[in-house]
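Morning, everyone. Please have the model open.

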Amino acid sequence: MTKQYLKPLALAASLSLALAACGKSEHAAAPAPAKPASTAPAKAASTAAAMTAKPKSVFDVSELGPSSEACQDFNTFVNAKWVAANPIPADRTRWGAFDELAEKSLDDQHQIAENAAKNAATAKAGSIEQKIGWLYDAGMDKDAINKAGFDPIKPQLAEIAALKNSAEIATFLDKSFNNGDSYVFSFGSGADQKDASKQIGYVFESGLGLPTKDYYLKPQYKKIREAYVAYITKSLELTGVSDADAKKQAGEVMKFETELAKASLTPTEMRNLDNQYHWVTVKQADRITPHFSWQKFFAAQGVDVGGGFSLSQPKFMAEFDRLLAHAPVSQWQAYLRFHLISSSSPALSDAFQANRFDFYGKELAGQPEQRPRWKRVMGGINGAMGMGLGQLYVAKYFPADAKARAEQLVTNVRNALKNRIEHLDWMSEATKKKALQKWSLFLPKIGYPDKGEWRDWSGLDIQQGQWFADLQAASKYNYHFDLSHIGKKTDRKEWGMTPQTVNAYYDPSTNTINFPAAILQPPFFYAHGDDAINYGGIGAVIGHESSHGFDDQGSQFDGYGNRVNWWTAQDKKQFDERTKALVEQFDAYTPIKGKPNLHVNGKLTLGENIADLGGLNIAYDALQTALKNHPKEAAEKIDGYTEDQRFFLNWARVWRGNVREKAAELYLNIDPHSPASIRAIAAPSNMTAFAKAFECKPTDPMVRAGKKQVKIW
């Protein structure tokens, strides 16, 4: 029953996106009981030793295709052999470099959780170790969970069955949110776009069981809608509702959600910052939803929103209010009943878990098999106490010397970005001055929270052998921890990702670039690897996240996280023309074989595509500076390839992988990241350095020459 709470924009600018949408993760807070062993300051000598160590061969060139392929399709050249030899595991929708590393991280976390469970009896009472041990042990107790069936949600089902009118429905929503369960919309904290130094409340549209509004309204998704109705029906039947009544209620749920869908935004529309922030006073909000009192809602949550909050999508909330006033109570009951069951299913018996997987796993994403129980349990633990688990993870698995060299790489790549800005030929000095001011205020965060910034978990009461109840308690605890930020000063040092997450992100509201410990590993980063491999991997990741500060969204914020226009009109026009060319480039890609009508959405993926292009250019510049300082390394080939070639080889290797067809179609509709196979080739094709490194001709497919070449940062 753990929930994630949306932090506006913070994780939208991430390096990669899994099928589950990025949401607001746990924040850093008070000091934890113990400091991880790896948080000791790294010595400069360790970085120097890493930089001077003889480079190792860390790229298996036997995986490469014929050299003639490099200028035709670089992804095929680098990755086709690996993809053919590494089929997607049955419990996955995709498999590649990110997934391999994520699996390694999960194995490491699993070992920590198993050990914690074994030692829970002797662990310090109330410690993170004991709580995680109890959580793991309870989640793995299949017999107890199956015996309980849906008993854990019977009290809530009874409350829903007793609802008589819209006023009682509103009260039920107030109470449910307070317990960590959200329906219809989401509520959480985030930096005020007009004054990022303070945290305010944000209400966002939500409430749909299908991925986007198009799945409710467009004819090509008719079969998915039918499968969804079947899923709703079976969900209700599993709680004892008769077949006939379950089918009737499922139809009502579909009607209800279709009305919500009509008022919802598409993923592309949601990227428009004007659709993410709409400041209102409580009285103004009540006029938008006259049948739902925000004053009562906030009082039920125990939060004071002060002068107001962001009711980010007023049109959607007006439709919510219309349904609250006019939809039959029985329709509301069906909707609430189903969403209670569906959101609870991962923590209920096998029948509920299998039913949910059959729709969301098999039908929507094409995944043949459900993940093993231990992996699902680890998912629950990460949702409940992810940052607590991360504290144990970095203590065991993240060496100080890795952080030290990563910090040096961040410095070098950031300096390359500064140099790029200073020498842009299309930007005026006035705008450059503002851009450099923003650059100077970047805050890089590497590995894990600083000393004293780990969350305090003493307020979370975990009971031994109570899987569902403990997840519910964690959901409520994390929700109220999030709400506790409202009205307070924004803390730039808090993290939106756990250290064990294989990803990275940029947060425009704090102007921070964030690199969790788990991504600072091969193939992204080698503590003793050669410069080219590291700059083509983690260096490009650093460049990517830094470039997000200047993508189509990030460029609308200043260095303090405020949404202000720091551009001259002419410079903004130039920027928009260049980004339009990038949209057109990506609109032309058709990544799914046999389906030429399914294109990448260049507008939806624009921010990530700008970051890829800028990040790779910046990382390449940083590599050239590093090689000037190590001329011997620059002159030597490793495995027959130059440093420039190895730089691009590792960039493509990072994006190697395969994805199931259903999942690929789903990602095209919801994911602001382009498919990995496209990311491997798109940015390099715009770089003269790539064509030079592999001696490509101007007419080769991997070369976008002349007016076709896109240059931004």
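A helix here is a DSSP run of H or I with at least four residues, numbered from the N terminus. By that rule, Ser-176 sits in helix H7, residues 166–178. Keep in mind that this is a predicted model.

Let's start with Ser-176. Buried or exposed? The relative accessible area of Ser-176 is 6%. The cut-off for buried is under 20%. So Ser-176 is buried. Leaving out residues up to four places away in sequence, Ser-176 touches Asp-181 and Tyr-183.

Now the whole helix. H7 has 13 residues. From first C-alpha to last, H7 reaches 19 Å. That is close to the 18 Å expected at 1.5 Å a residue.

Which residues of H7 are buried? They are Ile-169, Ala-170, Phe-172, Leu-173, Asp-174, Ser-176, Phe-177 and Asn-178.

Next, the ends of H7. At the N-terminal end, Asn-165 is the cap. A side-chain oxygen of Asn-165 lies 3.2 Å from the backbone nitrogen of Ala-167. Just after H7 comes Gly-180, with a positive phi of about 95 degrees.

On to the pocket. Rolling a probe the size of a water molecule over the atoms shows where empty space is left. How much space lies in the largest pocket? About 1,000 Å³. Its lining has 42 residues. Nearest the centre of the largest pocket are Pro-591, Gly-657, Asn-658, Val-659 and Ser-677. Several elements give two or more residues to that lining. The helices are H2 (74–85), H3 (97–118), H26 (661–670) and H27 (676–685). The strands are E2 (94–96) and E10 (657–659). H2 gives the most, with six residues.

Last stop, Gly-386. Gly-386 is in helix H17, residues 373–397. The relative accessibility of Gly-386 is 0%, so Gly-386 counts as buried. How far apart are Gly-386 and Pro-596? In sequence, 210 residues. In space, 41 Å, C-alpha to C-alpha. Pro-591, by contrast, was on our list for the pocket centre.

That's my tour. Over to you.

Key:
Residues are numbered from 1 along each chain as its sequence is written. This is a predicted model: local features need pLDDT of at least 70, side-chain atom pairs count only at pLDDT 80 or more; totals for chains, interfaces and linings use all residues. Side-chain values use heavy atoms; hydrogens and water are left out. Buried means under 20% relative accessible area, exposed over 50%, partly exposed in between (1.4 Å probe, protein chains only). Contact means heavy atoms within 4.5 Å. The expected span of a helix is 1.5 Å times one less than its number of residues. A polar contact is a pair of N or O atoms within 3.5 Å; within protein, one must be able to donate a hydrogen and the other to accept it, and residues adjacent in sequence count only if both atoms are side-chain atoms. On a 1 Å grid over the protein atoms alone, a cavity is a set of points where a 1.4 Å probe fits but cannot get out, and a pocket is an open set with protein on both sides within 12 Å along at least five of seven lines; lining residues have an atom within 4 Å of a point. Grid points are joined across faces, edges and corners, and a volume is the space filled by probe spheres set on the points.
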